[in-house]
Amino acid sequence: MVRIPAAAVAASGLVGGYGVARWTGKRPLGGVALAAAGSLAVYEWNRQAGPRAAAGLTVAYVAAFAGSHPLAKKVGAWPAVFAVAGGVAAASWAVTRRGANP
């Protein structure tokens, strides 16, 4: 089975959630995509780095989602989404790379 890194899942959830909401015009549908990817990322964070790291990264994921809104007013929607997705991916990689199982 191919494993997709939790960092990629989390970043894809933020970008994909916004993309789905934007392209369908249905914000709740984007929220479903955001939550689904977030749930998978939390599972992987917990498996790879433990519950404390998973809790911290979950807070970062939710904060990135919330923080993208005011940031979008300054730099635009897509740049804001990509910036916060990159931040969450970097944090995820930094935390899980030490605890990852080969």
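Axes here are lines fitted to C-alpha atoms, for helices over the stretch in contact, and angles run from 0 to 180 degrees between N-to-C directions. Helices are DSSP runs (H or I, at least four residues), numbered from the N terminus. This is a predicted model: local features need pLDDT of at least 70, side-chain atom pairs count only at pLDDT 80 or more, and totals for chains, interfaces and linings use all residues. Residues are numbered from 1 along each chain as its sequence is written, and side-chain values use heavy atoms, leaving out hydrogens and water.

**α1 with α3**
- The axes of α1 and α3 come within 11 Å and cross at roughly 25 degrees.
- That makes α1 roughly parallel to α3 (angles under 35 degrees count as roughly parallel, over 145 as roughly antiparallel).
- The crossing is right-handed (the near helix is turned clockwise from the far one by less than a right angle).
- Ala10, Gly13 and Leu14 of α1 meet Tyr61, Ala64 and Phe65 of α3 (contact means heavy atoms within 4.5 Å).
- By class, this contact has 5 nonpolar residues, 1 polar and no charged ones (Ala, Val, Leu, Ile, Met, Phe, Trp, Tyr, Cys and Pro count as nonpolar, Asp, Glu, Lys and Arg as charged, and the others, Gly among them, as polar).

**α1 with α2**
- α1 and α2 pack at about 175 degrees, with axes 7 Å apart.
- That makes α1 roughly antiparallel to α2.
- Contact residues include Gly13, Leu14 and Gly17 of α1, and Gly30, Ala33 and Leu34 of α2.
- This contact has 13 nonpolar, 4 polar and 2 charged residues.

**α2 with α3**
- Helix α2 spans residues 27-49 and helix α3 spans residues 51-75.
- Their axes come within 8 Å and cross at roughly 155 degrees.
- That makes α2 roughly antiparallel to α3.
- The crossing of α2 and α3 is right-handed.
- Among the contact residues are Trp45 of α2 and Tyr61 of α3.
- The classes are 11 nonpolar, 4 polar and 1 charged.

**Largest pocket**
- The largest pocket holds about 400 Å³ of space (a pocket is an open set of points on a 1 Å grid over the protein atoms alone, where a 1.4 Å probe fits, with protein on both sides within 12 Å along at least five of seven lines; a volume is the space filled by probe spheres set on the points).
- It is lined by 16 residues (lining residues have an atom within 4 Å of a point).
- Closest to its centre are Tyr18, Ala21, Arg27, Phe65 and His69.
- α1 (6-24), α2, α3 and α4 (77-99) each supply at least two lining residues.
- α1 gives the most, with 5 residues.

Technical notes
Parallel < 35°, antiparallel > 145°, perpendicular 65-115°, else oblique.
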